[in-house]
Amino acid sequence: MIAFVRGKVAGLTLSSAVVEVGGVGLELMCTPGTLAGLRTGQEATLPTSMVVREDSLTLFGFADEDEKTIFELVQTASGVGPKLAQAIVAVLSPDGVRTAIAGEDVKTLTKVPGIGQKGAQRIILELKDRIGAPVGAGGRQPVAAAAEPWRDQVLQGLTGLGYNAKDAEKAVEAVADEAASGVPNVSALLRSALRALAR
C-alpha cells in the first residue's frame, strides 16, 4: 500500500490534488481543509490511504497522520465507506471525532452530511471502545469549533484555489442562507461560492 506521497503539487481541483511523483501525476482525494494548505508548484508530503474497489483504485490524501488514522478507523464501522469517512474528517477534526464518539454526542456526528441519527448511534456503539481519548487540549475545542464547520471549509477551499481572504469571506456570506436551509453540503456550497465570485 502507498503510505504517503511526496512531490510537487501539479494541480488542484475542488476535491483533489495532483502530486507529481517520479514523473507520474497521482490524484489524491482530499478535504477542503487539506487542499487549503497546498499550493500549485510547491513540494508537499501527504499521508495517504488507498481504497481498492473492483473497478477503481482511489488514493485519499490527508493533512497529517492523525486525520488518516481517523479516516481508516471510522471505515471499520458498518455503513461507513471512504466517501462518508472523508466527510467525517472534513467536518470534524480528529479530536472532534474522538470527543463526539467518546461523549456519545449524536448531535455533533449528525452535522456530517450523510450521517443520520441511527447512523451516528451505530458509529458510537461500534467505535466507542476503540477510538481513544482526544489528543489535543482537553478535546473540548473541536466540538465547539464544529458549530458551523462548513464556513471554515468553504473559506479554506476558496483560499486554496487562490482567492484572497476578503473575497472568500464575502462569498461565504453570500451562501450562508443556502447553508441554513438544511444540512450543509460543503461541495455544493463551495460551487455556489465560486459562482458568487464569478459574478
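1. Let's start with serine 192, whose side chain makes a polar contact with the side chain of glutamate 178 at 2.9 Å. Please keep in mind that this is a predicted model. Serine 192 sits in helix 11, which covers residues 186-198. Its relative accessibility is 8%, so serine 192 counts as buried. Leaving aside residues up to four places away in sequence, serine 192 touches Val175 and Glu178.

2. Now for the overall picture. The protein has 11 helices and 5 strands. Its C-alpha trace spans about 45 × 45 × 35 Å along the principal axes. For 199 residues, a compact globule would have a radius of gyration near 16 Å, and the 17 Å of the protein agrees with that. Buried residues make up 43% of the 199 residues. Among contacts with a separation of 6 or more, 55% are between residues 24 or more positions apart. The accessible surface comes to about 10100 Å², and carbon and sulfur atoms account for 52% of that surface.

3. Which residues are linked in a network of salt bridges? They are Asp66, Asp95 and Arg98. In one of these pairs, aspartate 66 and arginine 98 have their closest N and O atoms 2.5 Å apart. Aspartate 66 is partly exposed, with a relative accessible area of 24%, whereas arginine 98 is buried at 7%.

4. Arginine 98 also forms a salt bridge with aspartate 95, where the closest N and O atoms are 2.9 Å apart. Aspartate 95 and arginine 98 are both in helix 4, 3 residues apart, which is about one turn of the helix. Both residues are buried. As a reminder, side chains of opposite charge can pair when their charged atoms come close.

5. The count of salt bridges comes to 4. Another of them joins the side chains of lysine 128 and glutamate 104, at 3.6 Å from N to O. Lysine 128 is in the loop between helix 6 and helix 7 (141-145), and glutamate 104 is in the loop between helix 4 and helix 5, so the pair ties together parts that are 24 residues apart in sequence. Lysine 128 is partly exposed, with a relative accessible area of 32%. Glutamate 104 is also partly exposed, at 48%.

6. Is alanine 100 buried or exposed? With 1% relative accessibility, alanine 100 counts as buried. Not counting residues up to four places away in sequence, alanine 100 touches Asp105, Thr108, Leu109 and Ile124. Alanine 100 and arginine 122 are 22 residues apart in sequence, and their C-alpha atoms are 13 Å apart in space.

7. Helix 2 (residues 65-74) has an N-terminal cap from aspartate 64: a side-chain oxygen of aspartate 64 lies 3.2 Å from the backbone nitrogen of aspartate 66. Within helix 2, the residues Glu67, Lys68, Ile70, Phe71, Leu73 and Val74 are buried. What covers these buried residues? The cover includes helix 1 (32-36), strand 4 (43-53), strand 5, helix 3, helix 4 and helix 6 (117-127).

8. The buried residues of helix 3 are Pro82, Leu84, Ala85, Gln86, Ala87, Ile88, Val89 and Val91.

9. Finally, a point about the surface. Met1, Val52 and Leu57 make a nonpolar surface patch of about 380 Å². Leucine 57 lies in strand 5, which runs over residues 56-61. Exposed here means over 50% relative accessible area, and leucine 57, at 61%, therefore counts as exposed.

Key: Residues are numbered from 1 along each chain as its sequence is written. This is a predicted model: local features need pLDDT of at least 70, side-chain atom pairs count only at pLDDT 80 or more; totals for chains, interfaces and linings use all residues. Side-chain values use heavy atoms; hydrogens and water are left out. Patches are made of residues with over 30% relative accessible area and no salt bridge: like charges are joined within 9 Å, nonpolar side chains (Val, Leu, Ile, Met, Phe, Trp, Tyr) within 5 Å. Accessible areas come from the Shrake-Rupley method with a 1.4 Å probe; for residues, only the protein chains shown count as cover. Helices (H or I, at least four residues) and strands (E, at least two) are DSSP runs, numbered from the N terminus. Buried means under 20% relative accessible area, exposed over 50%, partly exposed in between (1.4 Å probe, protein chains only). The radius of gyration is taken over C-alpha atoms; the globule rule is 2.2 Å times the number of residues to the power 0.38. Contact means heavy atoms within 4.5 Å. A polar contact is a pair of N or O atoms within 3.5 Å; within protein, one must be able to donate a hydrogen and the other to accept it, and residues adjacent in sequence count only if both atoms are side-chain atoms.
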